[in-house]
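Let's take a friendly walk through this structure, one local feature at a time. Have the view ready and follow along.

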Amino acid sequence: MRKNLPKIMQEEIKKFFKGEIENSEEVLSQYSKDASIFLLRPELVVFPKDSEDVQNLVKWVNENTGKYPNLAITPRCAGTDMSGGSIGESIVMDFTRHMNQILGWSEENGVHTVTVQPGMFYRDFEKATLEKGIILPCYTASKSLNAVGGMYGNNSAGERTLKYGKTEDYVLEAKVVFEDGKEYIVKPLSGTELQQKISQNDFEGEIYKRMSNLLNENKDTITSAKPMVHKNSAGYYLWNISRDGLFDLNRLLVGSQGTLGIATEITFKLVPDYRYTKLVAIFMNDLEPLGRLVDKILEFGPETLETYDDKTLKLAVRFFPDFLKNKGLWGMSKLSYSFLPEFFMMIRGGFPKLVLLAEFEGESEEEANRKCQELKEAIKDFKLEVHVTKNAVEAEKYWDVRRESFALLRKHVKGLRTAPFIDDIIVRPEFLPKFLPELKEILNKYDLVYTIAGHAGDGNFHIIPLMDFTKSETTDIILELSDTVYDLVLKYEGSITAEHNDGIIRTPYLAKMYGEKVVALFAETKRIFDPKNIFNPGKKVPTPDRGGTKEYMASRISH
């Protein structure tokens, strides 16, 4: 009977759904994966035409959970999620086919805003904003692939987050479909407006009432639970909702991975995009002064402060011909020539243990260059190799190493594939000199091929090993190493995920990070919004047979 359910469900959904409903082998296989290590086969994939489709489907699912066991909706955009947050075993809803447009622009008192549907790819969105000289600066390293709905769902961040913050800082309002199948405008509310919402005595009013009570009754617990790091994507952001005299559920919904409701429109504020940037490359052979160095660099307000380790740099040198292959003949010549100073430096002193990239912006090239020179002068007592890039081409070589090295590694190491499971840890920068050597000591026990790169200004590092998933012990290593690395992260008061969120891979570890009392508040939050558990179950809050446990996680790893 179960195997006939998708066809029966499809026929029922067709009666009210204008978009496409697909369940071919090819489509189900494609949507069984995202950028994570998991494989979850859905029963149906739907492509809504508009918000009405979303509302009607949510209402139908809500009304039919008794009829069809484990009925649920997993919202999905580009599928670039590395946590398994965009795959599910019931209905996957993809917004990129139809709901992918900018709906309007606005400017008031010098503040630019744009309203966009969740399925718009960021690359298209950015092209449109840059034509107006403005940008959404919390874009990710996968900005050529991801969509804005995923940024809302994951509370995305990236290279410019150090200065500009995360997605949550740019969401002004959103239209969200809640479990009753109705679409609501979610925006900051004053105390008076909150009381008006609560007095509505409907599903929306009940959410506001119960969330307000939950925050008031557990204020101290929630306040003390907030991780004291610059970025955090773990759990529900209960400590963010009530702030500066305003009550804003978007501060909770952003980063909730579609587990509380489904956004159909998002209004972002944008910032001016500076055309002039300059990069300072700093080479470290000793990690001891790293914390002090980062603190000193941050005094100068860099737009970005990124880093990668010696393994990453060695990859670029080892596979230099491939590294140059896509640059064209003239580009190859320029890039090869531009790397000569680094080659000579490495001959003199060997590979640095860490490379830091500090980028500064300005309204003119002179202003950006002045900031770089001031930094170089200020850190001369650290006695480090420091190089201020001469132009954009020279700067781009460092970003190329940062962004392309792992693709090179994956290409040249046969029989292995990427394994993002400890891919997004964060500790405060002052702990890095002790934390990084201890981290490498743990990783080296497992004889893994990996690189370390990340956002040094935040203390956020991405570690994605290559592993052989044909070996039975791979799953055991993932479970064991996750526990060990997260213990180290929590020893240094960090977070198990800064940007990439929980999904299937980290939900089982939320109790380790927050404790059972706070995790119980997460579960209560889920019940307030989604009592029937129809929105992306098994992420953020455990549902033993549908996700959120180590056993479920292990059973769904793709081999």
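What follows covers a sheet, a pair of helices and a single arginine in this predicted model.

## The four-stranded sheet

Four strands form an open sheet in the order E1-E2-E4-E3, and their pairing is mixed. At the edges you will find E1 (20-22) and E3 (73-76); each has a single partner strand, so one side of each lacks a neighbour in the sheet. From one strand to the next, the twist averages 25°.

Look next at E2 (residues 44-47) and E4 (residues 91-94), which pair in the parallel sense over three bridges. Here Leu-44 sits opposite Ile-91 of E4. Helix H3 (residues 51-63) packs on the sheet and touches E2, E3 and E4. The direction of H3 makes about 170° with that of E4.

## Helices H8 and H22

Helix H8 (residues 203-217) packs with helix H22 (residues 516-529) at an angle of about 165°, and their axes are 9 Å apart. Because of that angle, H8 is roughly antiparallel to H22. The crossing of H8 past H22 is right-handed.

On the H8 side, the contact is made by Phe-203, Ile-207, Arg-210, Met-211 and Leu-214. H22 contributes Leu-521, Glu-524, Thr-525, Arg-527, Ile-528 and Phe-529.

## Arg-506

Leaving aside residues up to four places away in sequence, Arg-506 touches Ser-83, Phe-421, Asp-423, Tyr-486, Ile-496, Thr-497, His-500 and Asn-501.

Methods: Residues are numbered from 1 along each chain as its sequence is written. This is a predicted model: local features need pLDDT of at least 70, side-chain atom pairs count only at pLDDT 80 or more; totals for chains, interfaces and linings use all residues. Side-chain values use heavy atoms; hydrogens and water are left out. Contact means heavy atoms within 4.5 Å. Axes are lines fitted to C-alpha atoms, for helices over the stretch in contact, and angles run from 0 to 180 degrees between N-to-C directions. Helices (H or I, at least four residues) and strands (E, at least two) are DSSP runs, numbered from the N terminus. Angles under 35 degrees count as roughly parallel, over 145 as roughly antiparallel, 65 to 115 as roughly perpendicular and the rest as oblique. A crossing is left-handed if the near helix is turned anticlockwise from the far one by less than a right angle, and right-handed if clockwise. Two strands pair if DSSP finds at least two bridges between them.
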